[in-house]
Structure formats: C-alpha cells, structure tokens
Amino acid sequence: MNRKILVTQSSMPKYEEYIEEIKDLWESHWLTNMGDKHQTLQKELLSYLDVNNVELFTNGHMALELSLQALDFKVGDEVITTPFTFASTTQAIVRNGLIPVFCDINPIDFTIDVTKIEKLITEKTVAIMPVHVYGNVCNVEEIERISQKYGLRVIYDAAHVFGVKYKNKGIGSFGDVSCFSFHATKVFNTIEGGCASFSDEKIGKRLYELKNFGIKNQDEVECVGANAKMNEFCAAMGLCNLRHLDAEIFKRAKVVECYRKNLCGIEGITLNPIQKNVVPNYAYFPIIVDEKIFGHTRDEIMDELARYDIGARKYFYPLTSSFQCYNGAYDTNETPVALYMSTHVLTLPLYADLELKIVDKICNIISNMNNK
C-alpha cells in the first residue's frame with residue numbers, strides 16, 4: 001500500500017463548495033456568536049434529526065457537560081452510566097461535581113445493561129446517562145420506564161448515532177437530552193462541534209445562556225456559564241456536509257456489507273449486531289475477538305494490520321473507570337462484561353471513501369491469521 005489506512009477519515013465537501021459557502025463571511029465579518037450559518041444549520045438539523053429543539057455547541061463534550069449543568073443537580077449527586085465509553089462521558093459528570101456510578105453493559109450491543117440499573121439507584125441518584133455505542137441504540141423503552149418509576153433524568157450520550165432512527169423516530173427525541181458529537185471523525189462533522197436535542201424549551205433557554213457565559217441579556221448574567229458557541233466556519237462545514245450525508249452513509253453501508261460478507265464465517269470473530277427497528281448510520285465496525293477460538297488476541301490482530309500500514313483501534317480501552325485521574329476509586333471487576341469487551345473489541349477502518357478492495361485486504365489479513 002502506498003499510504004497508511006487510518007481507522008477513520010473525515011468526510012469533506014469539495015473544496016469549491018466550502019469556499020462558496022464561506023464567501024459571504026468576508027462581507028459580513030460575522031464569524032461567531034450565533035450568526036447566519038449557525039442559525040441555518042440549527043434549523044436544518046431540526047429536520048434531519050427529527051427532533052423538536054436543538055442547541056449547537058463548539059464540541060460534543062460541552063454539549064454533555066452543559067446539559068448536566070442545565071439540569072441543576074447538586075454537588076455529590078449520582079449519575080448512573082457505563083465505563084465502556086469515551087473519556088468525555090465520565091469527565092462531563094465529574095466536572096459537574098457529580099459522582100459517576102458505573103453500570104455494566106450487555107454483551108450483545110455494548111449498551112448499558114438495563115437489568116442492572118435499578119439495583120444501583122440510591123437516594124442520591126438523580127440521572128441516568130446511557131451511551132449509544134457504535135451506532136447501536138440503547139433499550140430506550142426500559143430506560144424510560146426506570147426513569148419514570150424513580151423520577152430520574154435521562155441524558156443520552158448520542159455521539160455515535162447521528163441520523164439514526166428507532167421505530168421511525170429520531171434517536172435524539174428520547175430522554176430529557178441527547179448529546180451529539182460533530183467531531184471530524186464522526187459520520188457527520190463540522191470540523192469540531194456538537195449539539196444537544198431536547199423537548200423542554202426551558203432546558204434550551206438554560207443551555208443557550210450556559211454556552212454564552214451565562215449571559216441572559218446586555219444587563220443580566222444569571223448563571224456561571226462557559227464559552228461553547230459554534231463558530232461560523234464550523235457551521236458552514238456542517239451545512240456542506242449535511243447536503244451529502246445520505247450519500248456518505250450509503251457508501252459506508254457498502255463498506256460494512258463488504259466486511260460482513262468477508263468476516264461472517266470466521267470462528268472466534270463476532271460481528272456487530274443488526275438491531276431491529278433501527279435505521280443505522282454505519283458509524284463503526286467493531287469485532288469481538290475470542291482468542292481461545294480464533295487463535296490470536298485482539299492486540300495481535302491490530303499489530304498484524306499495522307504491519308501493512310492499516311490502523312485499527314482498541315475502542316473503548318481502557319475503561320473510563322480505570323483512569324488514573326480517579327485514583328483507583330472504582331473497581332473494573334464490578335463491570336465484568338465491559339472489562340471483557342475493553343480487551344477484546346477491535347474497531348476496523350470504516351469511512352465513506354474506503355475502497356472495497358482495501359476492505360477485502362483487511363479481511364484477508366485477518367482470515368489468514370486464523371489459518372496459522
């Protein structure tokens with residue numbers, strides 16, 4: 001191969017399209033603070049995501065962190081979540097002075113194990129923060145039942161499920177808030193960016209103030225906020241990418257189809273499930289490697305692919321509950337399924353422009369290892 005194949009590659013519009021989109025910024029000189037591009041993208045996302053309200057942010061993490069702050073929890077309150085996620089999920093909880101309580105995941109689709117949530121609820125529990133993983137949708141009905149029974153808020157980390165629909169509803173319409181990431185590596189990107197979708201307009205008013213220093217108007221600053229406004233250049237990239245997103249997802253689907261065709265019969269390799277009632281976005285292609293059957297570990301497959309300049313990722317590893325910054329406060333053995341998956345899951349390269357002949361090559365490398 002002449003170039004390294006990364007685990008992902010950012011989708012971008014044609015250079016000329018983006019230049020045309022940003023041209024009027026040189027006339028307006030309005031580069032941030034909720035300008036025309038920001039407002040237009042916000043409106044278009046309402047339709048694409050099939051949700052009632054959207055607030056844009058400078059990144060997905062600030063959407064999570066400020067959504068938690070908007071719900072006015074108290075320092076020391078507990079939020080049930082999972083450790084099988086990116087650092088942002090747990091960090092957003094901790095940076096709000098809240099305590100993450102780690103629930104295990106189910107071994108089928110990597111999302112929170114809803115059968116284990118209720119026994120973790122205490123008098124300090126105020127919310128559940130489930131994570132939709134690899135494009136797989138959480139059991140939203142059971143989470144809704146539990147939250148209603150105990151009076152808990154639900155904030156979804158929806159970074160992996162942009163554009164996904166469940167039972168003909170936009171995935172962002174579930175829970176109190178759903179937070180999406182528009183990072184460069186995601187199915188939809190604004191270079192850096194994110195959004196929160198929500199049904200209660202009071203939450204939206206609070207989010208708007210929090211992302212703008214807590215400023216209510218020229219004379220009043222009601223809360224201690226942050227600076228988390230999406231700028232116009234990022235919004236312009238989003239407007240361009242949104243025009244081509246359905247075509248990009250279609251191409252990603254072809255890549256996933258090729259992977260499934262090549263890998264489905266290899267013993268010791270388990271593929272990501274196909275969920276019922278879900279319109280997917282083909283965000284990631286994870287495999288679970290059982291070294292006892294396959295004959296090689298997840299890490300050995302990653303190293304073998306690297307020999308051919310093919311990047312794969314141990315995603316998610318390590319568990320967030322094992323981070324050094326938490327000083328050993330959590331025992332990863334209390335979430336054994338998540339711990340197992342963190343050492344056995346490998347995400348393979350997946351992006352819209354990945355050539356199918358390269359997918360074939362990746363699969364052949366893995367298949368040949370199985371024969372050694």
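Predicted model: local features only at pLDDT ≥ 70, side-chain atom pairs only at ≥ 80, totals over all residues.
A pocket is an open set of points, on a 1 Å grid over the protein atoms alone, with protein on both sides within 12 Å along at least five of seven lines; its lining residues have an atom within 4 Å of a point. Residues are numbered from 1 along each chain as its sequence is written, and side-chain values use heavy atoms, with hydrogens and water left out.

**Figure 1. The largest pocket and its lining.**
The largest pocket holds about 490 Å³ of space (the space filled by probe spheres set on grid points, which are joined across faces, edges and corners). Its lining comprises 32 residues, and Phe86, Ser181, His183, Lys186 and Tyr315 are the closest to its centre. Two or more lining residues come from each of the elements α4, α5 (87-95), β8 and β13 (345-348). The lining divides into 14 nonpolar, 13 polar and five charged residues (Ala, Val, Leu, Ile, Met, Phe, Trp, Tyr, Cys and Pro count as nonpolar, Asp, Glu, Lys and Arg as charged, and the others, Gly among them, as polar).

**Figure 2. The largest cavity.**
One cavity of 30 Å³ or more is counted in the model (a cavity is a set of points where a 1.4 Å probe fits but cannot get out). The largest cavity contains about 50 Å³ of space. Among the residues that line this cavity are Ala159, His160, Thr185, Val187, Arg252, Asn281, Ala283 and Tyr284. Phe162 and Phe188 also belong to the cavity lining, as do Ser181 and Lys186. By residue class, six of the lining residues are nonpolar, four are polar and two are charged.

**Figure 3. A stacked pair of phenylalanines.**
The model contains 20 aromatic pairs (rings of Phe, Tyr and Trp, the last by its six-membered ring, with centres within 6.5 Å; planes under 30 degrees apart are stacked, over 60 edge-to-face, and the rest tilted). Phe162 and Phe188 form a stacked pair, with 4.7 Å from centre to centre and 15 degrees between the planes. This pair links distant parts of the chain, 26 residues apart: Phe162 belongs to the loop between β5 and β6 (165-166), and Phe188 to the loop between β8 and β9. Both phenylalanines take part in lining the largest cavity.

**Figure 4. The sheet of seven strands.**
An open sheet with mixed pairing is built from seven strands in the order β1-β9-β8-β5-β4-β2-β3 (strands, E, of at least two residues and helices, H or I, of at least four are DSSP runs numbered from the N terminus; two strands pair if DSSP finds at least two bridges between them). Because β1 (53-57) and β3 (99-102) stand at the edges with a single partner strand each, one side of each is left without a neighbour in the sheet. From one strand to the next, the twist averages 25 degrees (axes are lines fitted to C-alpha atoms, for helices over the stretch in contact, and angles run from 0 to 180 degrees between N-to-C directions). Within the sheet, β2 (residues 78-81) and β4 (residues 125-128) pair in the parallel sense over three bridges. In this pairing, Glu78 stands opposite Thr125 in β4.

**Figure 5. Two helices on the sheet.**
Helix α3 (residues 36-49) lies across β1, β8 (177-181) and β9 (194-198), and runs at about 135 degrees to β1. Helix α4 (residues 60-70) packs on the sheet and touches β1, β5 (153-157), β8 and β9 (contact means heavy atoms within 4.5 Å). The direction of α4 makes about 160 degrees with that of β8. In the loop between α3 and β1 lies Asp50, a residue other than glycine with a positive phi, near 60 degrees.

**Figure 6. The sheet of three strands.**
Three strands form an open antiparallel sheet in the order β7-β6-β11. Its edge strands, β7 (169-170) and β11 (278-279), each pair on one side only. Two bridges join β6 and β7 in the antiparallel sense, and Lys165 stands opposite Gly170 in β7.

**Figure 7. The second largest pocket.**
About 270 Å³ of space lies in the second largest pocket. Its lining has 17 residues, and Arg260, Asn272, Pro273, Pro280 and Tyr282 lie nearest its centre. Helix α9 (residues 245-263) gives the most to this lining, with three residues. Eleven of the lining residues are nonpolar, five are polar and one is charged.

**Figure 8. Two cis peptide bonds.**
Tyr315 and Phe316 are joined by a cis peptide bond with omega of about 20 degrees. Another cis peptide bond joins Tyr317 and Pro318, with omega of about -10 degrees. Phe316 is placed in the loop between α11 (298-306) and α12 (336-342), and Pro318 is likewise in the loop between α11 and α12.
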